[in-house]
There are 2 protein chains.
Amino acid sequence: MSASPATKPIEFFFDFSSPYGYLASTQIEAIAAKHDRQVAWRPILLGAIFKVSGAGPLTEAPLKGAYSRRDMERSARLRQIPYAWPAVFPFSTVAACRAFSVVEETDPAAAVALAKALYHAALGVGGDIAAPEAVLAIARAIGLDTDSLAAGMQDPRIKQRVKEINDAAIGREIFGSPFFIVDGEPFWGADRLEQVDRWLATGGW
Amino acid sequence: MSASPATKPIEFFFDFSSPYGYLASTQIEAIAAKHDRQVAWRPILLGAIFKVSGAGPLTEAPLKGAYSRRDMERSARLRQIPYAWPAVFPFSTVAACRAFSVVEETDPAAAVALAKALYHAALGVGGDIAAPEAVLAIARAIGLDTDSLAAGMQDPRIKQRVKEINDAAIGREIFGSPFFIVDGEPFWGADRLEQVDRWLATGGW
């Protein structure tokens with residue numbers, strides 16, 4: 001029961017601590033909808049990926065760090081996307097990833113709603129979403145059952161699943177956030193959304 | 001005799017071995033012309049800058065390397081820019097930088113013509129421009145006096161000047177290629193050309 005190429009979802013990989021991932025998260029669904037496509041939201045853990053790639057958080061890189069913060073803010077302003085820095089940045093996204101996985105098992109649409117709420121809380125208004133309790137509070141605010149969610153986030157099976165999803169992403173050479181796979185074609189960066197849009201319209205060039 | 005802000009040139013920093021710098025070099029003058037601006041071409045030596053930033057050539061990075069080559073080719077195809085990989089990549093750009101500096105002292109427009117010819121030879125058709133002899137052959141092909149150019153490229157004053165230009169760029173936190181300064185605002189990457197265009201049109205946002 002595999003989807004035909006024309007109905008395959010756009011895979012959208014992102015880390016909850018990634019500003020460019022956040023910016024892309026506010027744009028990708030409109031682009032997909034233009035082309036009658038769905039988006040498969042795939043949170044990843046960049047920290048683990050950086051151990052393989054040897055890269056690190058852009059905002060902490062010599063010379064690039066200050067520029068990148070300026071660019072993130074400027075890119076958000078240009079598209080009128082609310083943007084604020086959390087006090088601690090980058091922050092742990094393990095709890096957010098686990099929560100997403102728990103919710104996704106029974107309600108994929110709710111998992112996407114949770115992802116958007118988490119991104120907004122962290123980078124839209126600069127809140128702290130690192131702790132499981134913070135993630136649960138956000139889940140509660142959008143009406144999710146947080147008792148089962150809290151239990152699921154502690155479940156060794158979910159912990160293992162999050163790790164396996166991340167390892168699988170590394171195996172597919174997903175190395176950054178945001179990262180898109182469109183009908184087999186990889187695109188890295190919020191600044192490739194225009195190419196994603198065009199690829200969907202034309203089938204490639 | 002400083003230029004007024006509205007007539008200040010767009011500073012365009014680039015390394016001759018930078019694919020995204022090459023792509024930008026084919027676009028920046030049309031963008032500048034739309035806004036009645038000039039472009040100040042500023043070749044830099046990314047190798048020396050990487051020693052400070054700790055970064056390295058994107059095409060050689062784990063995971064990112066293969067993607068970046070694909071992205072460079074795909075971005076060139078999208079804009080119908082001729083593109084080919086030199087057999088040796090990345091390559092030394094010291095001779096190219098020195099030649100640019102020599103020509104620029106007496107004829108800035110000819111230096112820009114040389115920069116375009118060097119980029120085209122290297123990344124448009126995949127030639128080798130690392131050696132001084134290769135740079136001189138390209139200079140000769142566009143009608144430059146290569147006797148004085150060859151002498152200038154050996155002049156300790158020029159060697160020192162190229163180094164000083166690079167150090168000054170590092171001092172201004174120029175860390176990549178292409179890099180643009182537009183009325184004091186920094187933009188990094190060929191994928192920021194749209195923002196450069198908009199900044200010139202609006203004066204910022």
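Predicted model: local features only at pLDDT ≥ 70, side-chain atom pairs only at ≥ 80, totals over all residues.
Local features need pLDDT of at least 70, side-chain atom pairs count only at pLDDT 80 or more, and totals for chains, interfaces and linings use all residues; side-chain values use heavy atoms, with hydrogens and water left out. Residues are numbered from 1 along each chain as its sequence is written, while chains are lettered from A and ligands numbered from 1 in the order in which they are written.

**Contact between the chains**

- The contact (heavy atoms within 4.5 Å) takes 31 residues from chain A and 30 residues from chain B.
- About 3,100 Å² is buried between chain A and chain B, 57% of it on carbon and sulfur atoms; buried area is the accessible area (1.4 Å probe) that two parts lose on being put together, summed over both.
- On the chain A side, A:Leu63, A:Tyr67 and A:Leu78 lose the most area to chain B, together 22% of what that side buries.
- Between chain A and chain B there are 20 residue pairs in polar contact, both residues at pLDDT 80 or more. A polar contact is a pair of N or O atoms within 3.5 Å; within protein, one must be able to donate a hydrogen and the other to accept it, and residues adjacent in sequence count only if both atoms are side-chain atoms.
- Elements of chain A that give two or more residues to the side touching chain B are α3 (46-53), α4 (64-78), β4 (185-188) and α10 (193-202). Helices (H or I, at least four residues) and strands (E, at least two) are DSSP runs, numbered from the N terminus.
- The largest share of that side, eight residues, comes from α4(A).
- B:Ser53, in helix α3 (residues 46-53) of chain B, touches A:Pro62 and A:Leu63, not counting residues up to four places away in sequence.
- B:Ser53 counts as buried at 6% relative accessibility (buried means under 20% relative accessible area, exposed over 50%, partly exposed in between; 1.4 Å probe, protein chains only).

**Salt bridges**

- The whole structure has 27 salt bridges over all chains, and the count between chain A and chain B is eight. A salt bridge is a side-chain nitrogen of Lys or Arg within 4 Å of a carboxyl oxygen of Asp or Glu.
- Within chain A, A:Glu29 pairs with A:Lys116, the closest N and O atoms being 2.5 Å apart. This pair links helix α2 (residues 28-34) with helix α6 (residues 108-124), its residues being 87 apart.
- A:Glu29 is partly exposed at 31% relative accessibility, as is A:Lys116 at 37%.
- In chain B, B:Lys116 forms a salt bridge with B:Glu29, with the closest N and O atoms 2.6 Å apart.

**Aromatic rings**

- The structure holds 38 aromatic pairs over all chains. Rings of Phe, Tyr and Trp (its six-membered ring) pair if their centres lie within 6.5 Å; planes under 30 degrees apart count as stacked, over 60 as edge-to-face and the rest as tilted.
- The ring centres of A:Phe14 and A:Phe16 are 5.1 Å apart and the planes are at 90°, so this pair is edge-to-face. Both A:Phe14 and A:Phe16 are buried.
- Ring pairs join a cluster in chain A that includes A:Phe14, A:Phe16, A:Trp41 and A:Trp85.
- A:Arg69 lies over the face of A:Trp85, at 4.6 Å from the ring centre; the criterion is NZ of Lys or CZ of Arg within 6 Å of the ring centre and within 35 degrees of the ring normal.
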